[in-house]
Amino acid sequence: MTIAHPPRIAIVGNPGNRRVALFRDAVHRAGLPEARPVGWAEVLAGRAEFHAGELVRLDSPGEDPALELALRGVTDPTRVEGTALWYERFTAAARSVAAQVFACGATLLDDPSELAVLFDKRRCHEVLRNAGVAVPFSPTSGVSTPVRGWDHARSLMAEAGASRVFIKLAHGSSASGVLAVETASGGRVQATTSVQRDAQGRLFNSLRVRRYRTEMELAAMVDTLAPDGLHIERWLPKAAQGGRSADLRVVVVDGTATHAVVRTSPSPMTNLHLGGARGDLTAARTAIETAGGSWAEMLALCERAAACFPHFSRVGVDVLPGIGWRRFAVGEVNAFGDLLPGLRGLDGSGAESGDTYDAQVTAIVRKARNEHHVNA
């Protein structure tokens, strides 16, 4: 299609990465000038350049071992430790992009201050809770009480009357370092996680979910993770589909829920790389309506969560459906939760004919047109 005054877009990501490729493909389909990739490695090295009039989009720095080394200070990208350093360096890099973009007369589509909140589960939880968004109870909401280790975590659980919780890295992603912890009488504990601990006490992410059944093992892992910052949330019992635990990832673009996918798993973690699988979205919607719930209200919940971050171009909202598919809570809001290749948009969303990246490009074009008309 022909667009008067088409926007020029630069995407800060990892050139050659599938996220960058999928977004650039969507830009091409929209008939816009080719999106210009800018590498996070260039940003860290002080070599990134932006041009007046460009729209600048921030994307994930993941899936690049060299960049992982630069951000986390670890030589093995499967290592779990180092997320506090990663957060410090990545958010500083995002702020430096913002400064350059502002100085040259370009426009940033994603606010670094909101990115910093999205990548701190404690702060994100607090923002959502204060906005009245349904979230699981957390004794670590906000950043006032850092978790010192397993003994401290267990005392926080006891004070909250929570025998089943998720212990998460405050700055983690893709289930890295997540422990689904269950306690019972007599001091019994069990943790389900993809974390593997070696003989030297180092922690690594693996593709196999495993269970640890002794408090000594669990305490060693939590104590190792604590210096990077931990977030604790009550483990809400979730609905099931096909005998598997189920939740939803809903992508919200420019304030509108455009795409959704059901994720199912035999384990508490539904991430696709840990054995999770895409479920049946139509069946989930039917289950919600049959139970007396509201599909529209579930999407509205996601949009309220996204509205807490009005200056970030898109987010992926993780929705936790309660047993019976009638009630919902927001588990997380992800800055880069839009990687759902080939997923068609939701009926009535205005994004039915394309994927999550098509929806984002459409929103960018719409905003550019509106601003042009206002300034004309």
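1. Glu 233 lies in strand β9; strands (E, at least two residues) and helices (H or I, at least four) are DSSP runs, numbered from the N terminus. The model is predicted: local features need pLDDT of at least 70 and side-chain atom pairs count only at pLDDT 80 or more, while totals for chains, interfaces and linings use all residues. Residues are numbered from 1 along each chain as its sequence is written, and side-chain values use heavy atoms, with hydrogens and water left out.

2. At 5% relative accessibility, Glu 233 counts as buried. Buried means under 20% relative accessible area, exposed over 50%, and partly exposed in between, with a 1.4 Å probe and protein chains only. The Glu 233 side chain makes polar contacts with the side chains of Lys 168 (3.3 Å) and His 231 (3.0 Å). A polar contact is a pair of N or O atoms within 3.5 Å; within protein, one must be able to donate a hydrogen and the other to accept it, and residues adjacent in sequence count only if both atoms are side-chain atoms. Not counting residues up to four places away in sequence, Glu 233 also touches others, including His 125, Pro 136, Phe 137, Arg 164 and Gly 331; contact means heavy atoms within 4.5 Å.

3. Strand β9 (230-234) is also part of the cover over the buried residues of helix α8, along with α7 (150-160) and β8 (203-212), among others. In α8 (residues 215-225), the buried residues are Leu 218, Ala 219, Ala 220, Met 221, Val 222 and Leu 225.

4. Helix α3 (residues 65-72) buries Leu 67, Glu 68, Leu 71 and Arg 72. These residues lie on the same side of α3 because they cover an arc of only 110 degrees around the axis, the arc being that of the directions from the helix axis to the C-beta atoms. An α-helix has 3.6 residues a turn, so residues three or four places apart point the same way. The cover over this side includes α2 (40-44) and α4 (83-104). Exposed Pro 65 and Ala 66 are on the face turned away from it.

5. Both ends of α3 deserve a look. At its start, a side-chain oxygen of Asp 64 comes to within 3.0 Å of the backbone nitrogen of Ala 66. Just after the helix, Gly 73 has a positive phi of about 70 degrees.

6. The largest nonpolar core has 57 residues, and Trp 40, Val 250 and Val 333 have the most contacts inside it. Such a core is a set of buried Ala, Val, Leu, Ile, Met, Phe, Trp, Tyr and Cys residues joined through side-chain atoms within 4.5 Å. Apart from it lies another core of 25 residues, among them Ala 153, Met 157, Ala 162 and Leu 230. Leaving aside neighbours within four places in sequence, the contacts of Val 250 include Ala 257, Met 298, Leu 299 and Cys 302.

7. The structure holds zero disulfides, a disulfide being a pair of cysteine sulfur atoms within 2.5 Å. For Cys 302, the nearest cysteine sulfur is that of Cys 308, 12 Å away. Cys 302 is buried, at 0% relative accessible area. The sulfur of Cys 308 is 7.9 Å from its closest cysteine sulfur, in Cys 124, which is too far for a bond. Cys 308 is buried too, at 18%.

8. Four strands form an open sheet with parallel pairing, in the order β2-β1-β3-β4. Two strands pair if DSSP finds at least two bridges between them. The edge strands, β2 (36-39) and β4 (107-108), each pair on one side only. Two bridges join β3 (residues 55-58) to β4, with Leu 55 opposite Thr 107.
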